[in-house]
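Have a look at the model first.

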Amino acid sequence: MDGNIQEREFGWTQSSKSEASAEEYDGDLDMENSSDEELELHAPLARHGPVVRANPEDLALQREYWNMCAIVFLLDYKKFSIRHLQHLINSAWKIRGNVMVVGRESYNYILHFDVLDDLTYICEEGPWAVEGALLVLERWRPNLVIMGLQLNFVSLWIQLHGLPLEYQYPELSMQMGHIIGLFERIDWDANLPRNIRFMCIRVRVDPWLPLLAGFMLRLDNGDTIWVQCRYERLHKLCTKCGLIGHIKAQCTYLMEDVEEILHRQRQRIQNQFHVQYGYDPMEPHYINEIKAFYNIPQRRNTQVRFGPLARDTGYRQRQFQHPNHKQPYKPETI
Ligand SMILES: [Zn+2]
């Protein structure tokens, strides 16, 4: 993941064209200063047009509505109709108020929420799964042009499976998180009993690059074992190319393309983290287990319900704890 993406505050940017014009904007000075003669002399065929402004009161009134909206990106090889998306949301999201699909521009949809708590919750806890597609949300913000929006990153919960018990401590998982993408937080509960099956981290990944399948963990006895990454809420994840949004049967990449993108992934990680790569020629790189809960079809729609959330969603409540201890965690009782 490159530095640009890590520094971004939002999951979205407008296309480079719009971005450039936003940066160059300096209060209409350029435009106001250009006289007709100047226009004729220097750039008669450059883009020009009458300057108009919106009435601030009108804008404020409009923004009251849009402030209750989220922009949705559906990361899928096919587009959903507004009606279909509305139907899926109505049947899977049992939240306090209504959610309405307001409109669509390409793969971007706008959702309007009646209740602010719903909007906040849905945006913070996403992405969600709808009919197996990944639904990524971001709150609306003023002056956003929907046309040309690009999805730069998506924050995913990733389970790390296969770690021996004494290797299940936050710092090692965080180290893996930094290699996967931009590490955000860890779901770690120091209380016992706790989950000993896997560690769980939230990482911001570039959705247009192949996902990291796992790690070769070198144990201190010299053995090397595989730590499998399992991505939550990802149902359409191609086990040929590792990209999100389609499955292997729908993959249009040639094998040499896949080899090339995986080669670039290795190069990027090796250059950035100076790690060695381990290989196991007997095992395929991407396997179905890269999708958490891949064999449970009802998870293809994330059930959202306010109240005692953990039980209904099947996702236990996250602790959001950052480990601030420097010593390895030692259980006091077994
Ligand atoms: Zn593919």
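## A strand pair to start from

This is a predicted model. A handy place to begin is S10 and strand S11 (residues 198–205), which pair in the antiparallel sense over 5 bridges. To find your way along the pair, pick out Phe183, which sits opposite Val203 in S11.

## The sheet around it

Zoom out a bit and the pair turns out to belong to an open sheet of 5 strands, ordered S10-S11-S9-S13-S12, with antiparallel pairing. At the edges are strand S10 (182–187) and strand S12 (214–218), each pairing on one side only. On average, neighbouring strands in this sheet are turned by 30 degrees against each other, ignoring direction.

As a reminder, strands of a sheet pair through backbone hydrogen bonds, and they can do that parallel or antiparallel.

## A helix across the strands

Helix H8, covering residues 170–180, lies across strand S9 (154–161), S10, S11 and S12. Against S11, helix H8 runs at about 30 degrees.

## An annotated stretch

UniProt, in an unreviewed entry, puts the feature "domain: Zinc knuckle CX2CX4HX4C" at residues 215–253. In the model, residues 215–253 come out as 0% helix and 31% strand. The end C-alpha atoms of that stretch are 24 Å apart.

## The whole chain

Overall, the protein chain has 10 helices and 14 strands. How much of it is buried? Of its 334 residues, 27% are. As for contacts between residues at least 6 apart in sequence, 66% join residues at least 24 apart.

Conventions: Residues numbered from 1 in each chain as written. Predicted model: local features only at pLDDT ≥ 70, side-chain atom pairs only at ≥ 80, totals over all residues. Pairing = 2+ DSSP bridges. Helix = DSSP H or I, 4+ residues; strand = E, 2+ residues; numbered from the N terminus. Axes fitted to C-alpha atoms, helices over the stretch in contact; angles between N-to-C directions. Contact = placed C-beta atoms within 7 Å. Buried ≥ 20, exposed ≤ 12 C-beta atoms within 10 Å, placed from the backbone. UniProt positions renumbered as here; feature names shortened; annotations may be inferred.
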